[in-house]
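Please open the structure in your viewer and keep the selection tool at hand.

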Amino acid sequence: MGKKVLIVSTSLRGKSNSETLAREFERGAKDAGHDVEFLSLKGKKINFCVGCLTCGTRGRCFMDDDAIAIEEKFMAADVVVWATPIYYYAPSGSMKTLIDRLNPLYSKDYRFREVYVLSTAAENAETTPARVVSCVEGWIECLPKAQLKGSLFCGDVNDAGQIAGNPKLQEAYEMGKNV
């Protein structure tokens, strides 16, 4: 039986390069027989964490927004895939905001053990994705049952849709297929 894979696309831009990369990962994972849910943060209302730590005692955030339902999707997943554009050498603000709001996972018996990171940027330096990966590793550090299983970066893609035909799309497909 296949794994339940949750792909979270954090770009809010239409024809997003990181979302296109994530769609190829999705295609590979589906072709391998996995149950895949693709979640875009476009149109989602996710408030900033206020650091009150109510979630630690209550088991969920006091704010009633889309982060509550998204957390439930994380709880049910075997595999989590973050897809983000890189802005100023960091993940998108929507990704970081969601990570902060996923604090209730810390005290729960979440199911996922595997985490992947897909990222895109205008720049193509080898060090460009390092801070995004570091951000996800910091999140994983607080979720000791999970581990980073892989990351894929595609540089030199700035304009919307510019990733079309890029060989990194095939790498994303293969990564998804090998989950």
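Which residues in helix 1 meet which residues in helix 6? Before the selection is made, some conventions are needed. The model is predicted, so that local features need pLDDT of at least 70 and side-chain atom pairs count only at pLDDT 80 or more, whereas totals for chains, interfaces and linings use all residues. Residues are numbered from 1 along each chain as its sequence is written, and side-chain values use heavy atoms, with hydrogens and water left out. Helices (H or I, at least four residues) and strands (E, at least two) are DSSP runs, numbered from the N terminus.

**First stop: helix 1 and helix 6**

Select Thr20, Leu21, Glu24, Phe25, Arg27, Gly28, Ala29 and Asp31 in helix 1; they meet Lys168, Leu169, Ala172, Tyr173, Met175, Gly176 and Lys177 in helix 6. Contact here means heavy atoms within 4.5 Å. The residues of this contact between helix 1 and helix 6 comprise seven nonpolar, three polar and five charged. In this division Ala, Val, Leu, Ile, Met, Phe, Trp, Tyr, Cys and Pro count as nonpolar, Asp, Glu, Lys and Arg as charged, and the others, Gly among them, as polar.

Two packed helices are described by the angle between their axes and the distance between the axes. Helix 1 (residues 17–31) packs against helix 6 (residues 168–177) at an angle of about 40°, and their axes are 6 Å apart. That makes helix 1 oblique to helix 6. Angles under 35 degrees count as roughly parallel, over 145 as roughly antiparallel, 65 to 115 as roughly perpendicular and the rest as oblique. The axes are lines fitted to C-alpha atoms, for helices over the stretch in contact, and the angles run from 0 to 180 degrees between N-to-C directions. Helix 1 passes helix 6 in a right-handed crossing; a crossing is right-handed if the near helix is turned clockwise from the far one by less than a right angle, and left-handed if anticlockwise.

Next, select Glu174, which is found in helix 6. The C-alpha atoms of Glu174 and Ala29 are separated by 8.4 Å, although the two residues are 145 residues apart along the chain. Glu174 counts as partly exposed, because its relative accessibility is 32%. Buried means under 20% relative accessible area, exposed over 50%, and partly exposed in between (1.4 Å probe, protein chains only).

**Second stop: along helix 1**

The buried residues of helix 1 include Asn17, Ser18, Leu21, Phe25 and Ala29. Against what do the buried residues of helix 1 pack? They pack against strand 1, strand 2 (35–40), strand 3, strand 5 (114–120), strand 6 (147–154) and helix 6.

Now select Asn17, in helix 1. Asn17 is buried, with a relative accessible area of 2%. Not counting residues up to four places away in sequence, Asn17 touches Thr120 and several others, among them Val157, Asn158 and Asp159. Ser18, also in helix 1, is buried, with a relative accessible area of 0%. With the same exclusion of residues up to four places away, Ser18 touches Ser11, Ala83, Thr84, Pro85 and Thr120.

Most residues other than glycine have a negative phi. Select Lys15, which has a positive phi of about 55° although it is not a glycine. Lys15 lies in the loop between strand 1 and helix 1 and counts as exposed, at 67% relative accessibility. The phi of Asp156 is near 65°, a positive value in a residue other than glycine. Asp156 counts as partly exposed, at 47% relative accessibility. Just after helix 1, Gly33 takes a positive phi of about 95°.

**Last stop: helix 4 and helix 5**

Select helix 4 (residues 93–101), where Ser94, Met95, Thr97, Leu98, Ile99 and Arg101 are buried. What covers these residues includes strand 1 (4–9), helix 3 (66–76), strand 3 (79–87), strand 4 (90–91) and helix 5 (130–141). Finally, select Val136, in helix 5. Is Val136 buried or exposed? Val136 is buried, with a relative accessible area of 0%. Leaving aside neighbours within four places in sequence, Val136 is in contact with Trp82, Met95, Val115, Val117 and Leu148.
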